[in-house]
Amino acid sequence: MRLTSLFYILLPLLAPARSSADVPEDKGLFIAYGKLDLEEIKGYDLLIVEPQHYTEAAIRDFKKYNKRVLGYLSLTEVHPSSESFQALRPFLIEENVHWGSRYINISDSNAQQILLQRAASILEQGFDGLFLDNLDNVSVWGRLTDKKGVLLQMVQSLNENHPNAFLAQNSGLFLADELRERTDAIIMESVVTEYRFDTKAYGFRKAAEKKRLVAAIKKAVSKGDRPVYLIEYADTAQMRNKVERELQRIGFPFFIANISLQDVPQFKKIKR
């Protein structure tokens with residue numbers, strides 16, 4: 001899920017931020033929606049960025065130093081900061097209050113065309129593929145629960161129009177079977193950690209819920225046909241290191257970030 005403003009709280013008694021070089025990292029995945037410095041982002045299997053921040057030359061440079069570079073595309077929501085917002089405005093419904101974005105009425109063929117054109121534009125910039133966000137909005141608990149078929153058709157159109165594009169789905173485990181031949185990777189957020197929007201606090205999932213999520217992921221990819229990457233959220237170095245140890249036991253490649261997902265993560269060290 002995308003966030004465009006930094007709002008996480010700073011805990012009391014925090015020391016200056018640790019540099020990213022001080023923190024161990026998994027090189028499977030890096031994702032950020034703010035503008036990145038190429039020199040800081042090298043050696044990743046999968047790099048996900050916001051296309052509107054970069055020129056074609058910058059994307060070529062990212063691709064020199066990272067295995068695969070994907071452009072962000074939300075298929076069911078749009079934020080006012082997006083280049084597509086004005087074009088999609090006639091097809092927007094209510095706001096997602098957590099993120100400041102608006103849900104899209106993807107049943108409208110004009111809205112579908114705008115989104116597919118945006119996908120084509122991103123790929124023309126030189127990206128290897130797309131990071132497809134907000135698929136869960138068409139689940140039984142989502143705002144667009146009656147538009148699952150429309151979403152599946154849009155992904156199928158992406159396959160047909162761009163057969164060589166690498167498509168990574170964000171979450172959407174309930175679509176795992178239907179997207180088995182349509183997406184190339186699954187990315188899951190907050191399997192180990194849990195961010196509370198009401199209190200703006202970082203924390204950990206309860207053991208039973210974490211176990212259920214891990215089992216669901218492993219079941220969804222039991223045939224080994226798509227790689228899985230996990231994104232978790234932490235604010236302190238202590239929490240980040242604890243999360244890393246847990247993720248290493250689970251066994252999927254991972255990225256640990258601040259909730260804003262805007263830049264290279266910075267983790268505070270609590271004085272004891």
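View 1. The model shown is predicted, so to speak of local features a pLDDT of at least 70 is needed, side-chain atom pairs count only at pLDDT 80 or more, and totals for chains, interfaces and linings use all residues. Residues are numbered from 1 along each chain as its sequence is written, and side-chain values use heavy atoms, leaving out hydrogens and water.

**View 2. The buried residues of H3.** Among the buried residues of H3 are Ile-114, Leu-115 and Ile-122; buried means under 20% relative accessible area, with exposed over 50% and partly exposed in between (1.4 Å probe, protein chains only). The buried residues of H3 pack against several elements, including strand S3 (68–74) and helix H4 (148–161).

**View 3. Asn-137 in its loop.** Look for Asn-137 in the loop between S7 and H4. Is Asn-137 buried or exposed? Asn-137 is buried, with a relative accessible area of 8%. Among the residues that Asn-137 touches, not counting those up to four places away in sequence, are Thr-76, Tyr-103 and Leu-144; contact means heavy atoms within 4.5 Å.

Methods: Helices (H or I, at least four residues) and strands (E, at least two) are DSSP runs, numbered from the N terminus.
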